[in-house]
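Please keep the sequence and the model in view while working through the points.

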Amino acid sequence: MSDQRATDVPTYDAAVVGAGFAGLYMLYRLRGLGYRVRVFEAGDGVGGTWYWNRYPGARCDVESVDYSYSFSPELEQEWTWSERYAAQPEILEYLNFVADRFDLRRDIQFETRIASATFDEGLHRWALVTTAGESVTATFCVMATGCLSATKLPEIEGVESFAGPTYHTGRWPHEPVDFSGQRVGMIGTGSSAIQSIPHIASQAERLVVFQRTANFAVPAWNRPLDPDYIAAVKADYPARRELCRQSQAGFPPSPVEGNALEATEEEREKRFQEHWDDGGLRFLGSFADILIDQAANDTVSEFIRQKIRATVKDPVTAEILSPKGYPCGTKRLCVDIGYFETYNRDNVTLVDLRANPIERITPTSIVTADETYEIDTLVLATGFDAMTGALTQIDITGVAGQKLKEKWRNGPRAYLGLVAAGFPNMFLITGPGSPSVLSNMVVSIEQHVDWVVDCLEKMRENGQTEAAADLAAEDGWVEMVAQLADFTLFPKANSWYVGANVEGKPRVFMPYIGGVQTYRQHCDLVALGGYEGFSFS
Ligand code: NAP
């Protein structure tokens with residue numbers, strides 16, 4: 001009899017997978033409301049993306065005063081950021097501070113990777129099994145697994161045969177890596193490479209960068225934060241946070257007036273230069289038509305190419321570094337500190353893989369069509385199976401034995417990017433179909449967590465234990481997300497936003513591009529309308 005009772009009660013009300021920004025806040029909210037919560041985290045500490053991405057130069061490209069939690073006015077006042085763009089160690093320190101400040105660690109199980117999650121239709125709950133074979137059950141399962149956490153190795157013959165040290169930027173060791181006296185080969189030129197290349201180049205004897213696609217980058221103009229500025233931000237935090245919530249991208253926008261194509265060439269240059277001098281991602285907001293009109297985009301693309309030509313002394317290298325063939329901003333815009341200048345160093349070589357592809361990697365070298373590069377250390381800055389990889393790595397089974405991986409065979413599908421039909425009581429924090437990677441992640445995470453918690457509270461009030469997304473609502477949402485993307489230039493690029501970086505991944509533009517403000521309105525309207533598109537039991 002007692003055994004029977006034990007199986008009737010799930011181990012937890014909620015199991016949360018991941019202890020990054022999303023998992024920590026979910027734990028804080030649910031535990032505060034009396035739910036029994038357990039967080040499962042593969043790493044041995046909190047931090048998620050900021051735990052794993054410890055490569056030299058790792059830094060956030062959203063300004064630190066905005067890339068932080070807004071839920072606690074006390075926390076906002078207690079914590080002080082030191083730089084305009086916080087470096088990885090400071091963000092990790094912040095997340096550790098949050099974990100201690102709110103006593104979160106006691107409900108986090110570290111060094112525990114979830115291998116499978118299966119919905120039990122009879123018992124209306126999830127059964128999770130760890131890679132170590134431990135099983136737990138929970139009424140609700142929250143996937144706080146991050147959008148950029150499943151690292152990707154390049155499909156290059158022999159990559160695993162390299163005999164020297166090999167590092168992936170997304171799984172960097174916890175101990176400092178010393179590149180002194182090393183010949184380093186670096187594959188990739190995305191954000192992670194663009195941030196780490198200047199640091200590695202300043203240490204290594206020789207750095208050879210293998211570039212397949214040149215990237216657009218704008219300067220960060222990073223700087224220490226002035227105490228008066230910090231005081232002003234802290235005094236006005238509620239208004240600043242609200243501005244972020246009601247913005248397109250989750251950080252205070254620069255006022256956008258007019259279209260690039262309606263401006264004269266002088267007006268355009270002046271506006272681009274002003275935004276360049278300000279630095280950072282707001283550059284793309286110079287004009288309203290940059291991300292929707294190819295001709296407008298051509299003007300901003302050429303502006304950046306001119307900057308590259310003016311910075312890189314060798315004209316051949318400058319040309320290879322000048323992005324072509326896709327609209328600026330449709331692959332994630334990079335924010336750099338001294339990236340292009342690095343190619344003026346004598347110890348740095350750029351290899352254009354479009355002209356001279358890698359044929360194979362041997363235990364000691366990278367072999368291209370034209371040349372063999374002997375190296376001591378290999379750095380792979382080759383990115384992630386973004387947005388879906390961390391979820392499809394887990395064997396997730398919903399109603400009637402349906403696998404999430406199968407359901408998403410032709411692209412991810414989830415109502416509001418939050419709940420996949422056929423997978424009741426499973427919430428995806430910043431899942432595909434939500435603004436996620438197109439926004440300040442912390443703003444989007446707080447909005448998702450708050451929405452889910454409100455939903456669970458409503459269910460508790462009504463004595464309901466199962467929430468499921470309706471297939472028709474999901475279909476409508478997925479179609480709308482695609483239509484919005486088609487209105488922009490984004491689908492034109494072979495980016496990780498469309499899964500183009502992973503062989504065999506369906507080409508679907510995954511994030512919701514309508515902005516965090518509009519998305520929040522959608523979610524709020526769904527809740528106000530009695531959770532339209534959801535069924536409860
Ligand atoms: P990424 O943007 O996907 O870049 C991967 C790079 O590796 C690309 O240059 C890619 O070339 C190259 N590559 C992949 N496979 C290759 C192969 N087989 N041969 C040659 N080159 C290959 O990855 P990431 O730099 O790690 O950045 C991912 C995202 O994380 C960013 O877009 C950003 O959203 C986020 N991030 C943010 C920051 C920040 O806040 N500042 C820093 C780092 C990362 P192709 O372009 O040709 O595919």
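Leaving aside its neighbours within four places in sequence, with which residues is Arg-282 in contact?

1. The contacts of Arg-282, apart from neighbours within four places in sequence, are Glu-63, Arg-84, Phe-251, Pro-252, Pro-253, Ser-254 and His-275; contact means heavy atoms within 4.5 Å. Arg-282 sits in the loop between helix 9 (265-278) and helix 10 (294-311). Helices are DSSP runs of H or I with at least four residues, numbered from the N terminus.

2. Arg-282 is buried, with a relative accessible area of 18%. Buried means under 20% relative accessible area, exposed over 50%, and partly exposed in between, with a 1.4 Å probe and protein chains only. The side chain of Arg-282 also makes a polar contact with the side chain of Glu-63, at 2.8 Å. A polar contact is a pair of N or O atoms within 3.5 Å; within protein, one must be able to donate a hydrogen and the other to accept it, and residues adjacent in sequence count only if both atoms are side-chain atoms.

3. The model is predicted: local features need pLDDT of at least 70, side-chain atom pairs count only at pLDDT 80 or more, and totals for chains, interfaces and linings use all residues. Residues are numbered from 1 along each chain as its sequence is written, and side-chain values use heavy atoms, with hydrogens and water left out.

4. The predictor's confidence in each residue, pLDDT, runs from 0 to 100. The protein chain averages 97, and 99% of the residues score at least 70.

5. Which residues of helix 8 (residues 237-245) are buried? They are Tyr-237, Arg-240, Arg-241 and Cys-244. Seen down the axis of helix 8, these residues fall within an arc of 100°, so they line one face of the helix; the arc is that of the directions from the helix axis to the C-beta atoms. Their cover includes helix 4 (73-78), helix 7 (227-235), helix 15 (441-462) and helix 17 (516-528).

6. Turning to the ligand, one of its oxygen atoms is 2.9 Å from a polar backbone atom of Thr-189. A polar side-chain atom of Trp-496 lies 3.0 Å from an oxygen atom of the ligand.

How values were computed:
Helices (H or I, at least four residues) and strands (E, at least two) are DSSP runs, numbered from the N terminus.
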